[in-house]
Amino acid sequence: MYYVNIDQINLRLAAIPEITAALREVSSKWDGSLVLGMVQERALHLAIETVTDVGSYLIDGFILRDASSYEDIVEIVHEAGAFNEESYEIFMKLVSLRKPLVQDYYAWDRTSLHEMTKQLPAIFDHFDEQVRAYLELELGPFQKVRR
């Protein structure tokens with residue numbers, strides 16, 4: 001029997017609508033300003049943390065192989081079937097931004113709209129559904145995986 005921390009996964013998945021709303025607003029109102037640059041930066045960072053946190057809970061709960069990097073988290077969870085190929089490709093690009101956003105933030109270009117800001121919302125909207133479908137498949141329909 002697996003112990004998957006559904007409560008913690010749900011908390012992270014519940015943040016997705018706000019993150020995608022911020023990314024969409026930044027995309028639609030982009031003017032190169034510092035404020036929108038900082039909003040973009042934080043929204044991308046939160047998206048990375050959401051994907052990797054959920055991935056880590058799935059890895060721990062289903063006792064999947066150990067991850068050695070953020071890219072490894074995405075790869076392991078994708079191989080397990082938690083999300084589709086399109087999401088996998090976008091999430092791999094997304095997690096590659098973690099180091100520039102978190103460690104090299106002083107060099108991040110806040111004057112340009114990043115391509116991920118435009119691409120991510122459409123994929124991220126379905127992340128919640130894909131993860132919940134995976135949980136139901138693995139744990140059965142009687143587990144409380146819905147909000």
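Reader: How do the axes of helix α2 and α7 cross, and within what distance do they come?
Author: This is a predicted model, where local features need pLDDT of at least 70, side-chain atom pairs count only at pLDDT 80 or more, and totals for chains, interfaces and linings use all residues. Residues are numbered from 1 along each chain as its sequence is written, and side-chain values use heavy atoms, with hydrogens and water left out. The axes of α2 (residues 16-29) and α7 come within 9 Å and cross at roughly 160°. Axes are lines fitted to C-alpha atoms over the stretch in contact, with angles from 0 to 180 degrees between N-to-C directions. Helices are DSSP runs (H or I, at least four residues), numbered from the N terminus.

Reader: Parallel or antiparallel?
Author: Roughly antiparallel, a label for angles over 145 degrees.

Reader: Which residues of α2 make the contact?
Author: I16, I19, T20, L23, R24, V26 and S27. Those on α7 include L120, F124 and F127. Contact means heavy atoms within 4.5 Å.

Reader: New topic. How many aromatic pairs?
Author: Seven. Rings of Phe, Tyr and Trp (its six-membered ring) pair if their centres lie within 6.5 Å; planes under 30 degrees apart are stacked, over 60 edge-to-face, the rest tilted.

Reader: What about F91 and F124?
Author: Their ring centres are 6.3 Å apart and the planes are at 80°, so the pair is edge-to-face. F91 lies in helix α5 (residues 85-95) and F124 in helix α7 (residues 115-139), so the pair ties together parts 33 residues apart in sequence.

Reader: Is F91 buried or exposed?
Author: F91 is buried, and so is F124. Buried means under 20% relative accessible area (1.4 Å probe, protein chains only).

Reader: Which rings form a cluster?
Author: Ring pairs link F83, F91, F124 and F127.

Note on methods: Helix = DSSP H or I, 4+ residues; strand = E, 2+ residues; numbered from the N terminus. Buried < 20%, exposed > 50% of the residue type's maximum accessible area, 1.4 Å probe, protein only. Parallel < 35°, antiparallel > 145°, perpendicular 65-115°, else oblique.
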